[in-house]
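Please open the structure in your viewer and keep the selection tool at hand.

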Amino acid sequence: MGFRFIHAADIHLDSPLRGLSAYESAPADRLRSASREAFKELVTRAIEDDVSFLVLAGDLYDGDWRDYNTGLFFVAQMARLAKAGIRAFLLHGNHDAESEMTKKLVLPDNVTVFPSRSPHVFRIDDLQVALHGQSFAHRVVEDNLAAAYGARVNGHYNIGVLHTAMEGYVAHPNYAPCKVAELHAKGYDYWALGHVHEFQRWDGASTIVFPGNLQGRHVRETGRKGAVSVTVDDDGHTVVDRLFLDVLRWEVLTVDADGCATVDDVSRRVGQGLSRLIGADDTPRAVRVVLQGKTRLHGALMGNAAATRAQVLAQAVAVDADRLWIEKVKIATSPEFTIDGADETREALADLQSILFEAGEDADFLRELLGEIQPFLNKVSGDVRDDAPLLALAREGRLGDLVKQVAPALLAQLSAPGAP
Amino acid sequence: MRLCELGLLAYGRFTDHHLRFPQSSHDFHVIVGPNEAGKSTVRRAITELLFGMELRSPLGFKHAQADLRVSGVLETAAGPRDFVRTKQQKSLRSMAGDPLPDSYLDVGLGALTREVFEQMHCLDHARLLHGGQSIVDPRNSVSQILFQAASGLDDFAAVRDALGERAANIFTSRGRNNRYSGASERFTSAQKVLKDVQVRTREWVDARDALKSAQENLETVRREHRALELERSAWERSRRLAPIVTRLDRLQSDIDVLGDTRDFPAGARKTLATGIADMEKAISLVKTRERDVSDRQEQLDAVEVDADALAHASGIDRLSRLCALYESHAADIVLRRSEASHWLAAAIERGVEFGCGDAEDMLRSRLPQERILRAIDSLLKERGALLADKRAAEDGERDRIAALDELRKELEELPERDADPRLVEALEQALPYKASEARQDGLRGAVATALAEAQRNMVALGRPAFTEDDLRTMQVPSPERVSAMRSERQGIAQARDVARQLMEQHAESASQLELRINQFARSHKIVTSTDVHGARQERDEAWGAIKSGVHTLAVGAPRLDATLRLADQLVDAHTLSEADGASLQSMRDQLEVALSDEGRERRVLEEREGELSRVNAQWEAQASALGLAGLLLDDLSQWLAKRDKALLAADTLEQKRQELAHECECAAKAQQTVSEALTKAGFETPVASGLAAMCAAIEEHLQKVDRTRTRRETVVQQIRAADTALKTAAMMREAKGKAVDDWGSRWNELLVKAHLGNQVDDVSEAEAAIEAAAFIRQSLGRIDAHRAERIQPMEADLQALQQVAEGLVDALVPDQQGANPEALSRTLGARLEQAKRQSLRKDQAQESLDGAERQLSEARTALDQAKARLQPLMRCAEVEDPLDAVPLVDRAEKKSELLAELKGVRAELEASADGMTLEQARAGLADHPVAHAEERMLTIRDRLEHLAQSMVVLAQDELKAKQGFDPIDGGAKAAVAESQKQEALSEMAEAAEEYLHLATAGTLLQWAVDRYRDRKQGPLLQRASAIFQGLTRGSFEKLRVDYESTPPALLAYRPENQAVKVSGLSDGTRDQLFLALRIAALELQADQGTPVPFIADDLFINFDDARSAAGLQALHALAAKTQVIFLTHQEHLLPVVRSLFPEASSEILTADASGSALHGEDHEVAIPAELQLT
């Protein structure tokens, strides 16, 4: 008897979007609950497609998140599924193993949780389906959990549910490691995996799938996100279709400033890029804009990064304020000319260049610089950690490296047309 | 140049007085004497010795003006110059008295003038003061040298200011109104919200149960309340519907009386009257229009028209136009034929001269062809150019021969020689050290500066007991440890600040809630249960008085009525203020919570302050152990930085000393190498010449050899080119001669072809023949064109006119065959005009008839429409005459009005019956008789009031429970707060990155520009800084130019880096500043050109002894480069002079004009303590 189910993982409910600052006109109010909206979409899709059950392969919550409202929201969504007669199988991963919600939340009857003490098999007799799985007992599980999973149940469609880093994904902690061949060898029909945030699929004896996370949360999680819909026909053949359920998509827009005569030209080019981006579909975008290329505007762009960001924001608002949220404007251009020529200012700049690069080694200057920025370092909150490389250098006392980072931009600014 | 001896032979109060200035390693000479002893006379004598005496000298008081004489011995690059300066006409004389040329001293003085010498090299106290005043003038030469370093960086200050301004927008240490603070406040706020809205499991379950219970209780009471409301509605409805049902029955009866009527449409009465009037008016109009049509038809039939003339109207018009157009053709044809005959006769006359015959046909056949005439003309034009080219080629060949001869002669005169490779190699090795002396001076200055820096840094530590070794061996905490201690203390302080902030916020909230409660109570009239209960008691008493007979109904009814109304109003108001009461209670609960929170935060604040005191005490103990008692923890990093700086300064001093030694050694080696190379190459090496002079001599020699070799190569190349050019010129001359010969052959051939072989004898005759042929050809062309373009077209026009006239005669007037076209045109034109007038009259009559017929048709249509409008009524009434329908319509409309009223009453009943049918309403009236309605409603109202009181209490309970539950029903407030917190963090990170970038860039730019200017300021300011530091005994450390002020200004810096403008210096310090600048300029000049003696005349008048000693030390360095003659009345300076200049000559002038030389070994004088040099 054929059936269909949805496999999702790494929901991270109520985990905030990171790296986005709320400027005026940014669609902040609408997208602050992106993980909830995406999860609602998942449940809605399950109801509309009339699936037989839902599999959640770990990391439903973030471990250090204690607000009971998150659990209540999950319960409410599960209640929607219950009303539609859909069961849900939930496995805890490293993030939700120690969560307050995991321990205390009373779940509706249609939700079945895999135990953490040992592997367990749940059967759905009317569909002839057997689900094997084991939740994480605590945050760090370095044992190969899959090795202890039981043998396939004959006459059933066997699904292995597992939260694992597989064969060592460097971007993710190496929890519950195992190998692809090992999973194939289990003889299951389908492996519903979680933990890795990018979609991955292996075919063979088993169909092994990482659906990726449901909703990207920062700029390192770009591209389309969601779950997979798995259709099993009467003969037990498996068809996997991706479902794109994210309500905010992260993108990196690279814009070449080569050939632009003015900063306005650059911002117009950014505007065109943003238009193309959101023209692809209706999903709102969080965009990191990277300006690159060799241009004579290098100095003007580097010299006033705040103004450049403001121009890009204006373009985003003009293109579609409701669907574009600019995460950051990164200026990675290079200058079009070298400092030479007989002109008095050019000579001065050439001399100044060598002096600027001496500064990083000059103890007197570094002390003076420390005196200048120390009040700020005293004031700045310890919570500011992400994506602040200059701040990291300053905190570590690596002021020489800080100067080396800043000096080229300063020189570019001084060399810019119309400057100093 | 230096002065070896000055002879005051007859000058001022001196006679045959000689001052000698022997050379030593430091060329310093002191002349001591009291006032009026003759020091200024000596200074004046030196000037006048070099540049001549004034015409009327003030010094001619002892000797006659004409006898004034001074002598001198100068040491110059060209050897010694000894001479006498007199007031004679030839003032420059030899020792023997013979006149010397004016250029005798040029080798020593060069371009030096008296004014420059007095300005730069003779410095007395008055000039010192004047110079001090003029330092800040940018036009001053010294200032120009100082300010040159501003070049190229003029606008960078604007960039730095912009960076600073943008950084300040992000963060300032004291301000709160900036971007980082804004983001930080949002972060704190979001964090607080997050803390407030986060919900634990137990809280949620309790809140949910409380809300559920409150809702159930409230619902029970509400159900009973609704049931009673329904019953009260039934009684109320009964009282309301009874009169409506009565009116309904009466109307139905009236309608029945009228019986059946016909159904006319609405407004039938008015439609009928209007239709009858319209029909009568339409019948009258139709009759009038019929009479009009008959009259117009008769007028049309009476008009007749000439159709033939109108049919040929276009032909008649064309004939008229052609007659006018060709009127002058006949006379014009005769005139043109006469002109053609005249032109032909002139052409035949020119043709006869060259044998062309006397008839037009012969002339046309004998005329030469056009292409042959053009070829002859072309050859004639070529002839002159060919002859000129031939002559030019011959001249060119002669010029080439002469140029080649000159080049060969120059080559023979140029010698062949190459540079000596030993000199080249030596020069390459020595060049890097050519300017070594200046570098050595710079390094000496750097050593002195580093020494002072090291001492100052030790002092800056503020711990005099510490030595350098103490500092190196000191066990100071690591930066990480310092940072950790500060972080711990900062964390506690921040926590204390947060606690204080929260406590203040809670206090503020409590205060605002109290205010809101007071305002709420004042602005809302809240009726309590007690108020309602009192009103009811009063009502019951009034009712009881009537029932018990205390009052009659007439007396008690008004009071009962009033108490009833009051009780009702209070109950209604109480019900209405149910929500307000609940809100007020809710606010009071919130106030209680806020006061509790404030107390809690106050306790936290006290705990944090205790922790802070403990950490401060720990640090004080640790600082004492390190020997840093009293140092604040926040200042520790700065103190450690100063310690690092002091150790670094010590290292720098050692490094500078090593660099100086290395530079001196390398320069000496280079000089030895060059000297040996010069000797081997046969050059004489002067003993006194330095490395720079030897390098210059080698460079000059090598440049000369190189120039000669280059010239020889150039001449050889020019000879080769001239030879080639000569061959080309010979070939050109031959080609031009051949071209002239070819021209003669082609000329003869063409004359034969033009039939002129026998007619012309030379070139001029040929030119005349060509001119005649061109005239004849032009005349014949003109005649042909005249015939074709003028005469023949006119003949064709006249023929066409005749054909048109004949056509019209045949069609219209056959009896006038052969008539003249012009006469015919006039006759037919008149006939056509008459026919057109008749046609116009007929058209107008037809148009009038059409209009009358149209009006008749419209009148008939109007009549038909009036009848049609009445047709529906007539059919409805079933009558033929409209007047018969009038009474039927009146009765039908009366019945319609009654039915409309009945419909209104039914609608009223429907609106008031709460959805019941008439039958249900009649049944309701039977069940709820109107007579009992009032009493029953009173009973029900009492019960409802009781229930309303219960509902108020239960609604408050529900509201409170709901307020507790609503924020924790699975909402996303915490998630949103966390998002806002992350957004604030992102903004803080962005702001931090931008601030660090801007602050670093701003500091970096300032530092880089300062360093750039330090390097570019030139040696003058560097040297002046060092001298000024010495002169002020360290009160000032350095001199800098403030390039950003307008105009640029000179600033003196104290050791603590405090800048002082020149105007802010004391008089004495300003003198020292100018002296420092002047000495630095003289040192620079001595390095770059010919040294000139420096005369210092009582410079240290305003200097105390210590500064005078420092001044002498400055002159010590100058004396190493040029001669210094120091005139002073301060005899007590002599020991200092002796200690600095052991070999210096000294001279004491006395008031009796005798002098005696002093020598150190002869006059041992102890140096007073205040003159000890440091």
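Buried area is the accessible area, taken with a 1.4 Å probe, that two parts lose on being put together, summed over both. In this predicted model, the area buried between chain A and chain B is about 5,900 Å², and carbon and sulfur atoms give 63% of that area.

**The contact between the chains**

Select chain A and chain B together and display the residues in contact, of which 72 come from chain A and 65 from chain B. Between chain A and chain B there are four salt bridges, and one to pick out is that of A:D362 with B:R1011, where the closest N and O atoms are 3.1 Å apart. Polar contacts between chain A and chain B number 16 residue pairs, with both residues at pLDDT 80 or more. On the chain A side, the elements that each supply at least two residues include helix 3 (68-83), strand 15 (324-335) and helix 10 (363-379). Helix 10 of chain A gives the most to this side, with 13 residues, and the side as a whole has 40 nonpolar, eleven polar and 21 charged residues.

**A loop residue in chain A**

Next select A:L60, which lies in the loop between strand 2 (53-57) and helix 3 of chain A. Is A:L60 buried or exposed? With a relative accessibility of 1%, A:L60 counts as buried, because the cut-off for buried is under 20%. Leaving aside neighbours within four places in sequence, the contacts of A:L60 include A:I11, A:F39, A:F74 and A:L90.

**Salt bridges within chain B**

Move to chain B and select B:D196 and B:K192, whose side chains meet in a salt bridge with an N to O distance of 3.3 Å. These two residues are four apart in helix 7 (residues 179-197) of chain B, so about one helical turn separates B:D196 from B:K192. B:D196 counts as exposed at 53% relative accessibility, whereas B:K192 is partly exposed at 28%.

Then select B:R943 and B:E224, which form a salt bridge with the closest N and O atoms 2.5 Å apart. Because B:R943 lies in helix 28 (residues 933-965) and B:E224 in helix 8 (residues 201-258) of chain B, the pair ties together parts that are 719 residues apart in sequence.

Finish with B:E410 and B:R711, whose side chains meet in a salt bridge at 2.9 Å, N to O. B:E410 belongs to helix 14 (residues 370-413) and B:R711 to helix 23 (residues 691-753) of chain B, so this pair ties together parts 301 residues apart in sequence.

Definitions and conventions:
Residues numbered from 1 in each chain as written. Chains lettered and ligands numbered in written order. Predicted model: local features only at pLDDT ≥ 70, side-chain atom pairs only at ≥ 80, totals over all residues. Heavy atoms only, no water. Contact = heavy atoms within 4.5 Å. Polar contact = N/O pair within 3.5 Å; in protein donor to acceptor, adjacent residues only side chain to side chain. Nonpolar A, V, L, I, M, F, W, Y, C, P; charged D, E, K, R; others polar. Buried < 20%, exposed > 50% of the residue type's maximum accessible area, 1.4 Å probe, protein only.
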